[in-house]
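Hi there,

Here is the structure I promised to pass on.

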Amino acid sequence: MLLHYITGLGIVIAGGVHLFTVFLTGPYVENLAFNGGSYSVIAVYRNLLLAATLELLLVFVDYHALNGIRVILIEFHQGPKWERGVSWILAVTGILLFAYGTRTILIANAIA
Amino acid sequence: MTHSLIAELKRAVFGWFYPVRYNLERWAYALQRISGIAVTAYFLAHIVETGNVVGGLDVWSVPSADLARDVWAATFRFLDNPLFDMGLVVIGFMLVYHTINGIRLTLTEFGFLQGKPARPDFPYEPKSFTKAQRALFWLSVLFAAATAVYTLNVFFGA
């Protein structure tokens, strides 16, 4: 559970940077446009530091969210079979989400 | 076996929504669970949504900027809907509540703001739920409500 608290604090920091770049660097409508300003969608993905922050945020939220669901489910019902099943299904889901999110960041970073 | 498992899960979920004789700490717990699930739902949707920056699941190589821009614009047209706007208002509330209450829980986990153990006397207020803890809980509700009002103003304000 220590990892749950560590990733939680990581989300506060990485998520703070993420929300800051979207809402506090200029009008958010401009920042949510595909390209244009220095914090538009594609500009953020091209900025290595910000893209790395997004990747970190993805890892933190992925773990924190799915571990949270796991905690809820094994609090609802106890038993070795249930716990193993829940843990495996959520681990696979987490890896798939991580793969898809990472794919987005890598491809978006490479768009010419 | 299967039937009893489903019955047990049902009872556990209804436990959150059946607030009989809840104290404040129990409310904080229920809200933390509900907001966690809400933010997880947003996270899943957000991963799918941002996947459309690169053209979504149809695209498996680096697309042209034009194609990516078109898919992104189409995504935004789809999301430009009062229903999704209302959803974001709720998510804003849930996210801020979960963050600040989560900081309270982290402090508790590592032994801060715990209060001293003492004999339980009427009206049996939990000694662990100190004034500082209550203040942090109400702060999280206050900031969450403020965020919801702000988001409402952004989407539906004049």
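Helices (H or I, at least four residues) and strands (E, at least two) are DSSP runs, numbered from the N terminus.

Before going on, please keep in mind that this is a predicted model: local features need pLDDT of at least 70, side-chain atom pairs count only at pLDDT 80 or more, and totals for chains, interfaces and linings use all residues. Residues are numbered from 1 along each chain as its sequence is written, while chains are lettered from A and ligands numbered from 1 in the order in which they are written.

The buried residues of α3(B) are B:A68, B:V71 and B:W72. Looking down the axis of α3(B), you would find these buried residues within an arc of 100 degrees, so they line one face of the helix. (The arc is that of the directions from the helix axis to the C-beta atoms.) What covers them includes α3 (41-46) of chain A. The length of α3(B) works out as well: its 15 residues (65-79) should span 21 Å at 1.5 Å a residue, and its end C-alpha atoms are 21 Å apart, which agrees. The expected span is 1.5 Å times one less than the number of residues in the helix.

α2(B) has 28 residues and reaches 40 Å from first C-alpha to last, close to the 40 Å expected. Among the buried residues of α2(B) are B:A28, B:L31, B:Y42 and B:G51.

B:P63 sits in the loop between α2 (24-51) and α3 of chain B. Is B:P63 buried or exposed? It has 22 C-beta neighbours inside 10 Å, so B:P63 counts as buried. Leaving aside neighbours within four places in sequence, B:P63 is in contact with A:I111, B:V54, B:G55 and B:A68. "In contact" means that the C-beta atoms of two residues, placed from the backbone, lie within 7 Å.

**Where the chains meet**

How many residues of chain A are in contact with chain B? There are 23 of them, and they touch 24 residues of chain B. On the chain A side, α1 (2-23), α4 (48-76) and α5 (80-110) each supply at least two residues, and α5(A) gives the most, with seven. That side of chain A divides into 17 nonpolar, six polar and no charged residues. For this count, Ala, Val, Leu, Ile, Met, Phe, Trp, Tyr, Cys and Pro are nonpolar, Asp, Glu, Lys and Arg are charged, and the others, Gly among them, are polar.

**The nonpolar cores**

A nonpolar core is a set of buried Ala, Val, Leu, Ile, Met, Phe, Trp, Tyr and Cys residues joined through C-beta atoms within 7 Å. The largest one has 14 residues, and A:V41 and A:A108 have the most contacts inside it. α3 and α5 of chain A, together with α3 of chain B, each give two or more residues to this core, and the largest share, four residues, comes from α3(A). Leaving aside neighbours within four places in sequence, A:V41 is in contact with A:L32, A:A33, A:F34, B:V53 and B:W72. A second, separate core of 12 residues includes B:L31, B:F93, B:V96 and B:A144.

Chain A has five helices and zero strands. Its C-alpha trace spans about 55 × 25 × 20 Å along the principal axes. Of the 112 residues of chain A, 22% count as buried.

Over in chain B, B:L113 lies in the loop between α4 (82-109) and α5 (131-156). B:L113 has a positive phi of about 55 degrees, although it is not a glycine. Most residues other than glycine have a negative phi. B:L113 is partly exposed, with 17 other C-beta atoms within 10 Å.

Happy browsing!

Definitions and conventions. Buried ≥ 20, exposed ≤ 12 C-beta atoms within 10 Å, placed from the backbone.
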